Amino acid sequence: LNRRLAEFGTTIFAEMSALALSTGAINLGQGFPDTDGPEEIREAAVRALRDGRGNQYPPGPGVPELRTAVTAHQQRRYGLAYDPDTEVLVTAGATEAIAAALLALLEPGDEVVALEPYYDSYAACIAMAGGRRVPVTLRADVAEGRFRLDLDELRDAVTDRTRLLLINTPHNPTGTVLTREELAAIAELAVERDLLVVTDEVYEHLVFDGAEHLPLATFPGMRERTVTISSSGKTFSFTGWKVGWLTGTPELVTAVRSAKQYLTYVSAGPFQYAVAEALSLPESYFTDFRADMLAKRDLLAAGLAEAGFRVFRPSGTYFVTTDIRPLGESDGFAFCRGLPERAGVVAIPNAVFYDHREEGAPFVRFAFCKRTGVLEEAAKRLGAAF
Ligand code: PMP
Ligand code: GLN
């Protein structure tokens with residue numbers, strides 16, 4: 001393994017899912033739903049396969065049906081107008097979109113300012129692109145019950161070598177949804193320092209308690225400098241299909257496509273047609289999905305609080321971050337390695353998402369995109385163990 005990748009090893013998700021399998025513990029680690037997405041969308045995929053749509057290489061930018069569905073979705077929800085022919089790129093999940101964007105937009109040595117804790121592929125992809133990551137730590141605010149962006153720290157992180165800001169809202173793993181004020185400050189900074197922005201909005205439909213998902217591209221001066229990434233995995237509960245997409249100006253999308261064409265070229269032909277139908281589902285699908293996840297959040301958050309964890313109630317995503325110090329613990333890694341034996345549950349130590357490992361040490365993430373009975377059982381086990 002070369003020096004750029006050596007520090008990354010095996011992703012924590014693979015490690016913890018393997019631990020769940022070998023111990024038989026309930027897997028609240030890796031974020032994937034244990035219930036598949038809508039039956040009619042599965043049927044749409046079967047129809048595409050059967051009718052021979054997408055069984056051979058689809059067009060490089062993605063099938064027109066999906067590109068049009070993506071732009072219609074951006075227009076309908078956010079009033080963002082994109083041209084399906086020049087301003088959309090379909091990717092092999094958000095993961096490839098992130099990789100291709102960073103590979104296309106960074107010069108070796110460029111600095112990338114990213115919110116810490118960050119989704120694990122960000123660090124690896126910045127490294128593969130020869131960039132340097134500059135983390136800005138989201139701070140746990142116990143009074144507010146959320147992780148907060150310190151705008152001064154963000155400003156201080158930008159230097160003459162900064163090429164882009166890598167943002168994620170709703171934020172994995174903290175569950176923070178960046179506020180209008182936080183996003184406006186990010187946008188002002190990007191404009192003032194003439195930075196590109198790559199924004200990972202895969203949890204755009206998972207926001208709770210009146211929080212609102214505001215795409216960065218809707219802020220003044222941002223549309224022309226922002227690559228927005230999303231994915232069907234989270235919104236439609238088909239994480240295995242790996243259909244993602246990004247939107248941006250023709251210049252940015254063309255640049256990212258240059259990298260993407262040598263990574264996968266294309267992927268998931270028949271599934272692209274099915275996701276096009278999914279994006280066109282009636283509003284009730286999205287409302288019901290959100291309500292279902294909200295109930296699951298409340299169930300697991302209550303169980304964790306009862307067991308003695310300090311819970312940061314997420315306003316978005318399907319993860320809840322906890323602080324284990326009230327349990328007399330301080331090392332999330334050790335805690336998660338021992339949790340299957342102690343409680344029959346698997347979780348993720350947030351420290352893996354930090355450069356400043358000590359900042360993340362006491363935080364542990366639990367996924368709640370699981371059936372009610374599974375969450376009830378997990379809550380029961382945790383309650384009995386602590
Ligand atoms: N970004 C974030 C913040 C994620 O949580 C995930 C998946 N868990 C991804 C990107 C990757 O999405 P995909 O499965 O579509 O590649
Ligand atoms: N994004 C998922 C999570 O945060 C995991 C995806 C993966 O395993 N790469 O849990």
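## Ground rules

This is a predicted model, where local features need pLDDT of at least 70, side-chain atom pairs count only at pLDDT 80 or more, and totals for chains, interfaces and linings use all residues. Residues are numbered from 1 along each chain as its sequence is written, while chains are lettered from A and ligands numbered from 1 in the order in which they are written.

## The whole chain

DSSP gives the chain 15 helices and 15 strands, where helices are H or I runs of at least four residues and strands are E runs of at least two, numbered from the N terminus. The radius of gyration is 20 Å, close to the 21 Å that the globule rule gives for 386 residues, so the chain is as compact as a globular protein of that length. Here the radius is taken over C-alpha atoms, and the rule is 2.2 Å times the number of residues to the power 0.38. The C-alpha trace spans about 55 × 55 × 45 Å along its principal axes.

Of the 386 residues, 51% count as buried. Buried is when 20 or more other C-beta atoms lie within 10 Å of a residue's own, exposed is 12 or fewer, and partly exposed is in between, with C-beta atoms placed from the backbone. Two residues are in contact if those backbone-placed C-beta atoms lie within 7 Å. Among contacts between residues at least 6 apart in sequence, 73% join residues at least 24 apart.

## Two domains

The chain is divided into domain 1 (3-37 + 284-385) and domain 2 (39-279), with bounds from an automatic or database domain assignment. Their C-alpha centres lie 23 Å apart, and 37 residues of domain 1 are in contact with 34 residues of domain 2.

On the domain 1 side, helix H1 (3-6), H12, E12 and helix H14 (357-360) each supply at least two residues. H12 gives the largest share, six residues. By type, that side divides into 18 nonpolar, 10 polar and nine charged residues; nonpolar covers Ala, Val, Leu, Ile, Met, Phe, Trp, Tyr, Cys and Pro, charged covers Asp, Glu, Lys and Arg, and the others, Gly among them, are polar.

## The seven-stranded sheet

An open sheet of seven strands runs in the order E2-E10-E9-E8-E7-E3-E4, with mixed pairing. Strands pair if DSSP finds at least two bridges between them. At the edges stand E2 (88-92) and E4 (132-137), each with a single partner strand, so one side of each is left without a neighbour in the sheet. Neighbouring strands are turned by 25° against each other on average, direction ignored; axes are lines fitted to C-alpha atoms, for helices over the stretch in contact, and angles run from 0 to 180 degrees between N-to-C directions.

Strand E7 (residues 162-168) has six of its seven residues buried. Four bridges tie E7 to E3 (residues 111-116) in parallel, with Ala-114 opposite Leu-166. Another five, also parallel, link E7 to E8 (residues 196-200). All five residues of E8 are buried, so E8 is largely enclosed by the rest of the structure. Leu-196, Val-198 and Asp-200 sit on one side of E8, with Val-197 and Thr-199 on the other.

Further along, E2 and E10 (residues 243-247) pair antiparallel over five bridges, and Val-90 stands opposite Trp-245. Helix H10 (residues 250-260) packs on the sheet, touching E2, E9 and E10, and makes about 25° with E2. Helix H5 (residues 93-105) lies across E2, E7, E8, E9 (226-231) and E10, running at about 40° to E10.

Five bridges join E12 (residues 319-323) to E15 (residues 363-367), where Thr-321 stands opposite Arg-365.

Leaving aside neighbours within four places in sequence, the contacts of Gly-316 include Pro-170, Gly-175, Tyr-203 and Phe-208.
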